[in-house]
Amino acid sequence: MDCLFCKIIAGEIPSKKVYEDEQVYAFYDIDPQAPVHILIIPKAHIPSAAQITAENSAVVAHIFEVAAKLAAEAGLKDGFRVVTNCGDSAGQSVKHLHFHLLGGRDFTWPPG
């Protein structure tokens, strides 16, 4: 499989790991959009949020548990944002489900 995130999980491409367990891998984004910008990805290859099913959705709940833990560890007491992009027109650049944990600055809504 020619998936960037699968290669990161396999250790074929280096990353700055923040967290790992049997279901997910989390690492710092190489182009941070906030003082804290961590990507949290399932180890199982799910192309995007459009492919979440009853069979694989438990990992999404686990990702949000990990996001809360990592936000607390990063000291994001005033709040944080969790974002996923689904599809090309939404800005999904890597076709492997991933969530951006962003914090450490104020955000506006709607995003640009």
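Contact here means heavy atoms within 4.5 Å, and the angle between two axes runs from 0 to 180 degrees between N-to-C directions. The model is predicted. In it, helix α2, residues 58–73, lies across strands β1, β2 (24–28), β3 (36–42), β4 and β5, and runs at about 155 degrees to β3.

The strands that α2 lies across form an open sheet of five, in the order β1-β2-β3-β5-β4, with antiparallel pairing. At the edges stand β1 (17–20) and β4 (80–83); each has a single partner strand, so one side of each is left without a neighbour in the sheet. From one strand to the next, the twist averages 20 degrees.

Strands of a sheet pair through backbone hydrogen bonds, in either a parallel or an antiparallel sense. The pairing of β4 with β5 (residues 99–103) is antiparallel and extends over four bridges. Within this part of the sheet, V83 stands opposite H100 in β5.

The side chains of H37 and H100 are joined by a polar contact of 2.7 Å. Is H37 buried or exposed? Its relative accessibility is 4%, and the cut-off for buried is under 20%, so H37 counts as buried.

The surroundings of H37 can be listed by contact. With neighbours within four places in sequence left aside, H37 is in contact with F27, Y28, D29, D31, P32, H100, L101 and L102.

Terms used. Residues are numbered from 1 along each chain as its sequence is written. This is a predicted model: local features need pLDDT of at least 70, side-chain atom pairs count only at pLDDT 80 or more; totals for chains, interfaces and linings use all residues. Side-chain values use heavy atoms; hydrogens and water are left out. Two strands pair if DSSP finds at least two bridges between them. Helices (H or I, at least four residues) and strands (E, at least two) are DSSP runs, numbered from the N terminus. Buried means under 20% relative accessible area, exposed over 50%, partly exposed in between (1.4 Å probe, protein chains only). A polar contact is a pair of N or O atoms within 3.5 Å; within protein, one must be able to donate a hydrogen and the other to accept it, and residues adjacent in sequence count only if both atoms are side-chain atoms.
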